[in-house]
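Subject: Structure handover

Hello,

Here is the structure I promised you. Please open it first, then read my notes below.

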Amino acid sequence: MKPLEQLVRKNIWSLAPYSSARDEYSGKEAHVFLDANENPYNDPYNRYPDPLQRELKAQIAKIKGVPAEMIFLGNGSDEAIDLPYRIFCEPGKDNVVAIDPTYGMYKVCADINNVEYRAVPLDEHYQMDADRLLAATDAHTKLIWMCSPNNPSGNSLIRDEMLKVVNAFQGIVIIDEAYSDFSSQKSMRSELAHHPNLIVLNTFSKAWGLAAIRLGMAFASPDIISIYNKVKYPYNVNLLTQRQAMEALKDPFEVDKWIKMLLAERTRLMFAFKELPICEQVYPTDANFFLARMTDAQSIYNYLVDRGIIVRNRTRVHLCNNCLRVTIGMKGENNELLSALRQY
């Protein structure tokens, strides 16, 4: 990769970050805090949270197998997605390359930051060609986005193709693994030590069942994480979120149990879909959802909405004409969906 100083925007590289009271003092022996203009009443919610979430990162490091200094925590994965644009991309000048179709926030953040977004179509099996992705880059391409397992297709990208991109590209490669807990493919976190241009995203919203607390993770080299921390807002992860995540991390085996149940239901539900006359194809998936091509996705979607059952209509997404995306629910919810579809 190019030297990090050449990839980071000049104003960001020289940025003097805001220094909060908790940044200037982090000792544990103190018991009187008169430095942050906090209200002394209503403990513990009157105090600002740890701006670097040190205790939480230490626990995540044990489970994810990544040193704490290589972890960034954000307000959902969306913060970890937006920050690379602000760190690396000059508005109106630089561009990013991404697979297509994929998670829509990559393009939304590009548009917000006035960065050109170059979408490279996947093939009919929703797989990417590394050479085509690299061919879309030029001297002003700062980021390449890949999502594996991908959304909305659900499939894992071919690992060797992803590594080919990481090895060949001189800029930053970001691989979003929001659904990797449901996949048997080895996480790309294991490649971080060998590839300083790699950022891997993960989340507490999916397998951990904590979408409501809005906690996303980015794993990268300590140098990249230090820039993330310089650009982020001082107290971006609130105390309630940190505490709830710490509580969840006490019992990771409960999450393993949920994953096994969801995978079993995924197999059952996909098989049942294949038997439906209104379903033309069910695509392979490594996520907690699957994509199904229907005879008339819009009509079927409307029919389900009238019955209070909500799936995602992806028919307007590139390569997803007449497709519904179905999240795996509890057994009773899945049965209700199948019952409605069998009566369509």
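A word on handedness first. A crossing is called right-handed if the near helix is turned clockwise from the far one by less than a right angle. Keep that in mind for the helix pair below. Note also that this is a predicted model.

**The helix pair**

Look at helix 5 (residues 76–88) and helix 6 (residues 105–112). Two packed helices are described by the angle between their axes and the distance between the axes. Here the axes come within 9 Å and cross at roughly 45°. Helix 5 passes helix 6 in a right-handed crossing.

Which residues make the contact? Helix 5 brings Asp-78, Ile-81, Asp-82 and Tyr-85. Helix 6 brings Met-105, Tyr-106, Cys-109 and Ala-110. Six of these contact residues are nonpolar and two are charged, with no polar ones.

**The second largest pocket**

Now turn to the second largest pocket. Its volume is about 500 Å³. The lining has 27 residues. Closest to the centre are Tyr-103, Asn-151, Tyr-179, Lys-206 and Arg-325.

Both helices turn up again here. Helix 5, helix 6 and strand 11 (323–327) each give two or more residues to the lining. Which element gives the largest share? Helix 5 does, with four residues. By class, the lining has eleven nonpolar, nine polar and seven charged residues.

Best wishes

Note on methods:
Residues are numbered from 1 along each chain as its sequence is written. This is a predicted model: local features need pLDDT of at least 70, side-chain atom pairs count only at pLDDT 80 or more; totals for chains, interfaces and linings use all residues. Side-chain values use heavy atoms; hydrogens and water are left out. Axes are lines fitted to C-alpha atoms, for helices over the stretch in contact, and angles run from 0 to 180 degrees between N-to-C directions. Contact means heavy atoms within 4.5 Å. Ala, Val, Leu, Ile, Met, Phe, Trp, Tyr, Cys and Pro count as nonpolar, Asp, Glu, Lys and Arg as charged, and the others, Gly among them, as polar. On a 1 Å grid over the protein atoms alone, a cavity is a set of points where a 1.4 Å probe fits but cannot get out, and a pocket is an open set with protein on both sides within 12 Å along at least five of seven lines; lining residues have an atom within 4 Å of a point. Grid points are joined across faces, edges and corners, and a volume is the space filled by probe spheres set on the points.
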